[in-house]
Amino acid sequence: MSSSAVAAIVALALVGCAPDDPPPTTVASAVVPTEPARYALCAELPAQPQPMPVERFDSWWSADPTSGQAALDPSEWPDPRMREHPPVAVVDTQSGGWTTWDRTTCGQSDEFSPVIEEGWPDLSYVVVDLDTGEVLESAPTADVDGGAGLRTTSTASADIEANGWDVLGADEAAPYAALVREDDPWPGLRFVHAAKVTPTAVGGVYESADGAGFTFRLQREERMGDGGLAGREPRPLQIDGAEGWTYAGASWAFVADAVTPGCSASVHAVPVSTDVPPWPEGYDDYLAGTVLPRLLQAC
């Protein structure tokens with residue numbers, strides 16, 4: 001090899017190692033973003049835009065198990081019942097109202113309709129597994145949120161005031177003030193007031209010192225919707241000149257309804273306050289067999 005060739009090779013080597021030149025270009029491997037893990041159950045359930053009274057009773061079935069952290073994996077949730085019972089309903093055994101929480105669909109169930117079973121506690125919120133029908137737990141309505149969801153004569157009177165309904169004067173109220181009489185089995189029931197709740201409907205309240213009470217409603221000219229009580233099977237009621245039904249049996253959810261061609265009447269047994277007395281024996285028969293027919297006479 002000639003001396004000039006050697007010199008050229010050395011020069012090329014020196015050029016390749018020049019400190020001011022950029023390093024050789026390398027091809028970087030492509031970074032593919034990873035998809036977040038998907039789980040069969042939802043950690044977070046959407047808030048209801050217009051919460052119902054039954055939604056005051058909340059716990060693990062409606063809770064967000066992440067608690068501000070990234071615990072989206074159900075295996076990491078702190079309460080195993082969230083995984084074991086992902087779809088539940090909370091049912092109000094007084095009103096028949098309900099709400100659902102379904103972690104399998106991340107929302108509410110559109111297919112549930114309550115059937116309040118024998119043995120379910122009265123005046124309570126009952127938590128039910130939607131898949132099995134198992135009752136998981138319950139709580140007296142009076143013990144939740146200060147009893148705000150419990151229907152009483154006190155809340156019925158408050159509704160009359162809050163809605164600005166016209167309270168009837170003594171003459172107009174006379175037929176309703178005579179629903180209970182001195183020789184009745186419950187003479188201690190006292191007429192509180194009646195009010196015009198719509199142009200064709202009157203509603204009112206009776207209560208007693210021992211904590212028993214009832215509310216009533218009379219609708220003239222048109223029928224009161226479908227009537228009845230959600231979750232309860234109707235039982236036929238014999239009543240002269242009308243079709244009648246009762247719901248919920250001997251309990252503080254008891255309702256008696258009657259319909260004639262031009263009038264509908266309804267009587268609901270309710271306690272006076274959240275201090276709920278024992279159910280008075282025979283009170284359902286008295287409301288359905290005595291008070292309801294008298295109410296129909298006011299049509």
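This is a predicted model: local features need pLDDT of at least 70, side-chain atom pairs count only at pLDDT 80 or more; totals for chains, interfaces and linings use all residues.
The secondary structure of the chain consists of five helices and 12 strands. The chain has 299 residues, of which 43% count as buried. When contacts between residues at least 6 apart in sequence are considered, 59% join residues at least 24 apart.

Helix H5 spans residues 283-296 and has 14 residues. The distance from its first C-alpha to its last is 19 Å, close to the 20 Å expected at 1.5 Å a residue. Because 10 of its 14 residues are buried, H5 is largely enclosed by the rest of the structure. Tyr283, Asp284, Tyr286, Leu287 and Ala288 are buried residues of H5, as are Val291, Leu292, Arg294, Leu295 and Leu296. The elements against which the buried residues of H5 pack are helix H4 (170-177) and the strands S8 (212-220), S9 (235-239), S10 (242-247), S11 (255-260) and S12 (263-271).

In soluble globular proteins, nonpolar side chains tend to be buried together. In the present model, the largest nonpolar core contains 36 residues. The residues with the most contacts inside this core are Tyr176, Phe214, Phe216, Tyr283 and Leu287. At least two residues of the core are supplied by each of H4, strand S7 (201-207), S8, S9, S11, S12 and H5. H5 provides the largest share, eight residues. Another core, of 16 residues, lies apart from the largest one and includes Leu45, Trp60, Trp101 and Val127.

Ala269 is located in strand S12. Ala269 counts as buried because its relative accessibility is 2%, and buried means under 20%. Beyond residues up to four places away in sequence, Ala269 touches Gly213, Phe214, Ser251, Trp252, Phe254, Trp279, Tyr283 and Leu287. Two of these partners, Tyr283 and Leu287, are buried residues of H5. Ala269 and Phe216 are 53 residues apart in sequence, with a C-alpha to C-alpha separation of 8.9 Å.

Ala177, in helix H4, counts as partly exposed, at 34% relative accessibility. With residues up to four places away in sequence not counted, Ala177 touches Phe191 and Tyr206. The C-alpha atoms of Ala177 and Val192 are separated by 8.3 Å, and these two residues are 15 residues apart along the chain.

Further residues examined lie in loops. Val144 has its place in the loop between strand S4 (135-140) and helix H3 (153-162). With a relative accessible area of 8%, Val144 is buried. Val144 touches Arg56, Phe57, Tyr125 and Ala139, residues up to four places away in sequence not being counted. Asp145 lies in the loop between S4 and H3. Although Asp145 is not a glycine, it has a positive phi of about 55 degrees.

A positive phi, of about 50 degrees, is also found at Leu123, which is not a glycine. Leu123 lies in the loop between strand S2 (98-102) and strand S3 (124-129). Leu123 is buried, with a relative accessible area of 10%.

Ile116 lies in the loop between S2 and S3. At 10% relative accessibility, Ile116 counts as buried. Its contacts, leaving aside neighbours within four places in sequence, are with Val91, Asp92, Thr93, Gly96, Ala230, Gly231 and Arg232. Ile116 and Ala248 are 132 residues apart along the chain, and their C-alpha atoms are separated by 8.9 Å.

The second largest pocket holds about 310 Å³ of space. Among the 15 residues that line this pocket, those closest to its centre are Ile116, Glu118, Arg232, Arg235 and Ala248. The lining of the second largest pocket comprises six charged, five nonpolar and four polar residues. Ile116 and Arg232, both among the residues closest to the pocket centre, are in contact with each other.

Conventions:
Residues are numbered from 1 along each chain as its sequence is written. Side-chain values use heavy atoms; hydrogens and water are left out. On a 1 Å grid over the protein atoms alone, a cavity is a set of points where a 1.4 Å probe fits but cannot get out, and a pocket is an open set with protein on both sides within 12 Å along at least five of seven lines; lining residues have an atom within 4 Å of a point. Grid points are joined across faces, edges and corners, and a volume is the space filled by probe spheres set on the points. Ala, Val, Leu, Ile, Met, Phe, Trp, Tyr, Cys and Pro count as nonpolar, Asp, Glu, Lys and Arg as charged, and the others, Gly among them, as polar. Helices (H or I, at least four residues) and strands (E, at least two) are DSSP runs, numbered from the N terminus. The expected span of a helix is 1.5 Å times one less than its number of residues. Buried means under 20% relative accessible area, exposed over 50%, partly exposed in between (1.4 Å probe, protein chains only). Contact means heavy atoms within 4.5 Å. A nonpolar core is a set of buried Ala, Val, Leu, Ile, Met, Phe, Trp, Tyr and Cys residues joined through side-chain atoms within 4.5 Å.
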